[in-house]
Amino acid sequence: MFKFIAKRILQMIPILIVVTIVVFMFVHLIPGNPARIVAGPEADQATVERIEAKLGLDKPIVEQYFVYVGNLVKGDFGNSLKTNEPILEEMKTRFMPTFWLTVWSMIFAFVVGIGIGILSAMRRNSFWDYFGMFAAVVGISIPSFWLGLILMQWFSVQLGWFPTTGLDSWKGYVLPSITLGVGVAAIIARFTRSALIDVLKEDYIRTGRAKGFSEWKIMMRQALKNAMVPVVTMTGLQFGFLLGGSVVIETVFGFPGLGSWLIDAVTNRDYPVIQAEILLFSLEFLLINLAVDVIYGFLNPQIRYDD
Amino acid sequence: MKNMRFSFLLLIVALLTVVLAACGGSSDSNSSNESKSEGKKAGKDLTIAVNQNFVTLDPQDSNNTLDNSVQKTMMEGLVAFDENMKVVPKLATDYKVNKDATEFTFTLREDVKFHDGEAFNAEAVKTNFERVSDESKGLKRYSLFSNIEKIDAVDEYTVKFTLKNSFASMINNFAHPAAIIQSPKSLSSGDDVSRKPVGTGPYVFESWDSSDIIKVKKNADYWGDAPAADTLTFKPVVENGSRTAMLQTGEADFAYPIPTEQIDALKKADIDIENSDSIVMNYLSMNVSKKPFDDPKVREAINYAINKDDLIKVVYADYAKKATSVIAEKTQFYAAQAEQPYDVEKAKALLKEAGLEDGFSTKIWATNTTNYIKAMEFIQQSLAQVNIDVKVEPMENGALADALWAVEDEKDAKVELYFGGWSPSTGEADWGIRPLFAKDSFPPNSYNISYYSNSDVDKGLEKALQTSDEEERQSIYTAVQKTIWEDQPWVPISNPDNIFGKKSNLDGIFLLPDGSLNLEKLAIN
């Protein structure tokens, strides 16, 4: 098992190298000159050229890449073109808010999603099933920025329970977490329901029933665990996506995380920031996939690691 | 065995939950300190919600009005703009200009100290301007001061600037936010002035935190009238709906800009919404180097075919003035021009004369914000009436900038129609006209994407800079505006208002025509 994990971690290195090359190329292919954006809307050509030289953007692209990778190996992500501040520092301060936002919205999604999934599967074709699945369709379909603004209107403007924007206290997490979690909860609910329905047809469930276990006990002791494999896969992927920061939600709630930083970086063609963020997201995904694979083993011992 | 594995998994989940709860808890207690100061707001702590993240607090290295607004709470210039964009004294009590507009001499206030205790004097001024006019420093506002040849501290409180060439508009450059003065000690200490500026202003820098919130506090030793607020908190909230919600909940005392769609809702919620004139010029540019826009008749026809009053209703909800020149009314040396009415029949007749009665196809570019897209669609529909088929092509800002300004040769320019905006941050005619209409301003040098050139305009612009005689300058700029107005490389459209919202207990807080915030007359009731 540890051999398996070590091997997987080593395999990440070439992947990350490829990521740096691809991201670097793509970022430089986007039309738009960062120096022009840094220089501002009133700048003349001479100013733009001066800034280009100052930022090292006048050098050949291959040279720029090797400078970038050279610094990266030393643990230096470079400085933001826009603010000239070190990226690593900014990334540290912005990672935690996004991380906690992800955790809270996943907890919300997991509890609500699995709850609805179980209810729907146990009372199949009942009112609760239809209601649960209707709620799930609505949850997936609602545009998140709209939901965010509506929640803000209810809970901040009308009721005054939570702040509209910012992160001055734990309250700042509530609305963005729910907004972000609703869509994921809906997906989890549907996955849980369909996986449970399949599992509930299995022989061992019938055996359980024959033994006289209650439906609840069967659900908790046997069915749910076996139905979790697809749910965990999907949850892992969603976790990865959210950990990248939600561009829309973070913008709506003025949330100081990675997502709002990324959109700002793209708008400003802040190459080093975009590169650093994508590299971080890639790493996060690789680690999450690894974690998901490890969890499979616990859920279904038939899945073995190829040491 | 199976059970053991499951228990192990449960244990991990339980552990994780405990860790999360603990961290969650610690982050709560962490921030509860902050929320105490934030939650129990005394009346004198103001929160100002704005629409962009901050970039830098170094005025000489800033290129946007928002950063300037924050900087101006902490730092001041020798002269400044008043609410009509007139240049008024600030840290200087008086200034003199020689006839050729090559020497600018300022007499300084003697009762001013920087926040770090340093004295404000001629040497301090000299240090500041030597920094920004040094090309090797690579500061973004170098171009405003590149014309300075030398700076002399004549005596303790007199400083003289000598320019390389006559430049009568220079006094406006001194009133520009980029010319506000920082403590010479802070500039030489190696401290990062872009994150932590030191000036002479009514407020002192306090913090710039990881959420990008900037706080300043009252300067108890301020030389002028005591500032009204104890602290000011600037909070960037990019999303329009969220920013206006902050006004409704009272989390913000002042917010700008306010999108026109939200004005009614806010008025109902008892928020003061105010609007003021800006110097922003919105225009439809035509590339006169391209067919059929090289024909003045076609340009005139397009001008006749667009109903500007209706456009202003549709796009700006009436929060804009109709353009009456190629620069806005609050720009110095503005001169009103004869109005060209909306007249579709005349437009058709002109196109017929130009041999284009069956119309033609073209495309319009603009940035992809809601208002600009609306404006492009309005223009598209207007021109459809005269058989001109316009394809609307909204573009992302960076891509648009490349397509417009990065063109090396006139012949490679792909722009035909362009709906754009220009705000001359120096507040005077030269910067409102030269970058957009001078022959030397063809891309990539500057912003003349109409590729318009008229030697009368070029000569006038040169001449107006060589004299400090205000009347003479006015008459030159009046003639220049008339020439451009009649040549019609643009359809000048509108001057949109600055719109801001505030709590009703605030007075004397407003936006200057250049879009920057003015708090000098702030009163909290």
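I counted two residues as in contact if their C-beta atoms, placed from the backbone, lie within 7 Å. The model is predicted, with local features needing pLDDT of at least 70 and side-chain atom pairs counting only at pLDDT 80 or more, while totals for chains, interfaces and linings use all residues. Residues are numbered from 1 along each chain as its sequence is written, and chains are lettered from A in the order in which they are written.

Entry, contact of the two chains. I looked up the contact and found 49 residues from chain B and 47 residues from chain A. On the side of chain B that touches chain A, helices H1 (2-39), H4 (142-145), H7 (240-249) and H13 (397-405) of chain B each supply at least two residues. Helices here are DSSP runs of H or I with at least four residues, strands are runs of E with at least two, and both are numbered from the N terminus. H1(B) gives the largest share of that side, 14 residues.

Entry, chain B as a whole. I found 16 helices and 23 strands in chain B. Its C-alpha trace spans about 85 × 80 × 50 Å along the principal axes. Among contacts in chain B between residues at least 6 apart in sequence, 69% join residues at least 24 apart.

Entry, a helix pair in chain A. I looked up H5(A), residues 87-122, and H10(A), residues 215-243, which pack at an angle of about 145° with their axes 10 Å apart. Axes are lines fitted to C-alpha atoms, for helices over the stretch in contact, and angles run from 0 to 180 degrees between N-to-C directions. Residues of H5(A) including Phe99(A) and Met106(A) meet residues of H10(A) including Met219(A) and Phe239(A).
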